[in-house]
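Some questions follow on ligand contacts, helix packing and backbone geometry. Please look at the sequence and the model before reading the answers.

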Amino acid sequence: MEKGLLYPVTNKFREDQKLDGLWDFKFDPAEQGEAKGWTTGFDDPIKMPVPASFNDFFTDKDSREYTGDFWYAKKFFVPTYMDGKAIQLRFGAATHRATVYVNGKEIRSHEGGFLPFTADISDAVKLGKENIVALKMNNELHRDALPAGDTATLKNGKKMAKPFFDFYNYSGLNRSVHLLAVPKENIYDYSTTYEVSDDQATVHYSVEATKDADVKVSLADEDGNVVATSEGKSGDLVVKNPTLWQVRDAYLYTIKFELIDGGKAVDEYSDEIGLRTIEIKGHEILVNHKSVYLRGFGRHEDSIYAGRAFDLNVERRDMNLMDWIGANSFRSSHYPYDEQVYKFADREGILITDEVPAVGFKMAAASFLGGLDQSFFDGDWIDELYKKHIDQVRDMIKRDKNHPSVLAWSLCNEPDTSTDSAVPYFTKLFNDSKDLDPEKRPRTFTLNEDDTFEKSKCLQFPDFYLLNRYPGWYHKWGYEISDGEAGLRAELDEWKNSDIDKPIVFSEYGADTEPGLHKLPSIMWSEEYQIELLDMFDRVFDSYDFVRGEQPWNLADFQTVEGNMRVNGNKKGIFTRDRQPKAAAFFLKKRWTSLPLDY
Ligand SMILES: CCC[C@@H]1NC[C@@H](O)[C@H](O)[C@H]1C(=O)O
């Protein structure tokens with residue numbers, strides 16, 4: 001678990017320099033990088049862009065599909081004025097694991113390819129000189145790691161990723177690398193909770209610092225006017241006649257913390273926050289005590305060329321597409337996204353269900369992808385897996401807890417909850433995570449096709465339900481879709497007739513669709529069929545008042561492993577991979593822009 005995950009800033013006490021650009025890169029299939037001294041750089045490097053996944057740049061399949069150890073290295077200068085500061089390297093995401101060396105000295109390792117980590121390099125750098133950072137990385141998949149999968153060794157000795165999940169195992173330094181200089185005594189975390197009414201809002205704050213010193217706090221509106229102040233490492237900021245953060249009508253205040261030691265400021269940290277509350281009440285999702293109906297998508301961080309890398313250009317386009325279509329939410333399926341995505345959503349007034357990369361915890365999925373057929377939670381890998389799972393839940397919540405856009409936490413995608421062996425795992429997961437979020441936002445996980453109201457053994461855990469349902473595609477497809485609708489209604493009738501009164505959000509449903517394929521009457525894969533399927537689901541959603549959200553799979557087509565079920569990736573996108581609309585986009589736009597917010 002990381003001590004602090006505050007987003008890097010530059011101010012009068014701190015400096016943030018991005019080290020993005022071309023790094024030296026080299027595969028290490030023999031796993032001899034350390035022995036060969038690659039910790040201080042290596043010969044014949046490939047010049048590799050950062051941030052980026054390495055896979056799609058290559059023209060040969062061995063390189064694109066490479067699984068195992070690989071190295072990055074980069075020279076960087078540390079100016080003398082950083083002397084006396086804590087000097088750090090912050091990696092936004094190193095997928096899936098990394099060991100960091102600076103000037104040949106091993107600094108630290110990190111497991112988990114979708115969350116940031118910081119290496120303190122103060123004792124390893126040479127001030128006023130050029131230094132070199134080297135990372136030994138590895139992208140193998142294992143059943144006791146997130147995301148879950150296997151790594152096969154082919155007869156030719158090459159390793160191959162065998163994901164238990166349906167997205168490509170893009171690997172590398174997928175997010176920015178920052179060189180940071182912060183005061184040795186510094187603010188390393190803060191949290192906020194809220195109480196709001198029409199005429200007053202109260203921000204309950206707390207600050208974590210390396211020293212027990214005084215703290216001054218101020219809150220400024222969008223025009224820079226200070227609207228509230230406080231002192232102390234915890235306290236309240238009371239705002240009269242506040243402008244609340246609303247869905248699709250965002251307003252951001254700037255909170256500023258100053259660490260005061262010996263009567264003078266020694267550190268400062270500012271951030272944008274939104275005054276709003278999140279509640280689940282009966283089968284309603286409430287923002288600022290008002291009911292919200294979610295419409296949006298499951299997404300992926302996925303685009304051509306740079307793979308899983310965060311790309312500000314793609315994010316700007318995706319946010320505009322979601323605005324155009326009338327969306328107000330998305331799930332960060334199936335991993336925490338780059339921090340800049342949450343900042344975007346904070347400003348756009350979009351709600352995020354933030355998901356940890358606990359995906360592939362289902363052998364049936366693995367069997368679809370070539371694994372065994374048993375209960376995943378009977379495996380002998382579960383104890384080791386859980387340590388990594390809860391660690392990444394802790395870091396996801398620590399990193400993202402102060403974003404007004406974060407609505408809820410998804411602790412797993414489509415786990416196998418149809419057997420009793422899942423119950424102790426989820427009991428521990430929900431117990432260990434219940435106090436991690438100061439705002440106590442709802443926690444949930446997605447329920448797969450097989451984990452129905454009747455079959456799942458874990459319905460007692462989620463604060464609201466995320467249903468991934470595929471009648472019309474994975475079963476009762478084509479002309480049989482009417483039976484699919486009947487089955488869906490039958491399950492929802494069971495929910496309706498039960499004593500459960502919690503919201504249900506459909507977090508996945510859809511049909512693979514080849515853009516430009518038209519057929520009258522429809523056939524599967526045609527644009528007409530994708531609309532027919534969405535229309536069927538909409539009819540069902542409109543029949544049950546406890547359905548409080550619709551998020552079809554997926555915003556855009558995305559890359560997966562090759563296979564006889566995929567045509568160059570998953571084509572369930574409402575938009576193509578290059579972000580152009582299929583006919584279904586206009587169908588959804590018409591529906592979503594006509595729905596009131598609290599539909
Ligand atoms: C029946 C499971 C559906 C599955 N759910 C998880 C997503 O990551 C996949 O892309 C999606 C699919 O196969 O389209």
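Q: How many Å is an oxygen atom of the ligand from an N or O atom in the side chain of Asp 166?
A: This is a predicted model. In it, 13 residues surround the ligand, and Asp 166 is listed with the closest. An N or O atom in the Asp 166 side chain and a ligand oxygen atom are separated by 2.6 Å.

Q: Which residue has a polar side-chain atom 2.9 Å from an oxygen atom of the ligand?
A: The side chain of Tyr 474 has an N or O atom 2.6 Å from a ligand oxygen, so the cut-off to apply to such pairs is 3.5 Å. The polar side-chain atom at 2.9 Å from a ligand oxygen belongs to Asn 570.

Q: Is helix 5 roughly parallel or roughly antiparallel to helix 6?
A: Helix 5 (residues 382–400) packs on helix 6 (residues 422–433) at an angle of about 30°, and their axes are 11 Å apart. Angles under 35 degrees count as roughly parallel. The arrangement of helix 5 relative to helix 6 is therefore roughly parallel.

Q: How many residues of the contact of helix 5 with helix 6 are nonpolar?
A: Helix 5 contributes residues including Ile 382, Leu 385 and Val 393, and these meet a set in helix 6 that includes Tyr 425 and Leu 429. The contact also has 2 polar and 2 charged residues. The nonpolar residues number 7.

Q: What is the handedness of the crossing of helix 8 and helix 9?
A: Helix 8 (residues 527–541) and helix 9 (residues 583–592) have axes 8 Å apart, at an angle of about 25°. The two helices are therefore roughly parallel. Their crossing is right-handed.

Q: How many residues of the contact of helix 8 with helix 9 are charged?
A: On helix 8 the contact includes Glu 527, Asp 535 and Asp 538, and on helix 9 it includes Arg 591. The contact has 7 nonpolar residues and 1 polar residue. The charged residues number 4.

Q: Which residue does a cis peptide bond join to Trp 553?
A: Omega of this bond is about 10°.

Terms used:
Residues are numbered from 1 along each chain as its sequence is written. This is a predicted model: local features need pLDDT of at least 70, side-chain atom pairs count only at pLDDT 80 or more; totals for chains, interfaces and linings use all residues. Side-chain values use heavy atoms; hydrogens and water are left out. Axes are lines fitted to C-alpha atoms, for helices over the stretch in contact, and angles run from 0 to 180 degrees between N-to-C directions. Helices (H or I, at least four residues) and strands (E, at least two) are DSSP runs, numbered from the N terminus. Angles under 35 degrees count as roughly parallel, over 145 as roughly antiparallel, 65 to 115 as roughly perpendicular and the rest as oblique. Contact means heavy atoms within 4.5 Å. Ala, Val, Leu, Ile, Met, Phe, Trp, Tyr, Cys and Pro count as nonpolar, Asp, Glu, Lys and Arg as charged, and the others, Gly among them, as polar. A residue is near a molecule or strand if one of its heavy atoms lies within 4 Å of it. A polar contact is a pair of N or O atoms within 3.5 Å; within protein, one must be able to donate a hydrogen and the other to accept it, and residues adjacent in sequence count only if both atoms are side-chain atoms. A crossing is left-handed if the near helix is turned anticlockwise from the far one by less than a right angle, and right-handed if clockwise.
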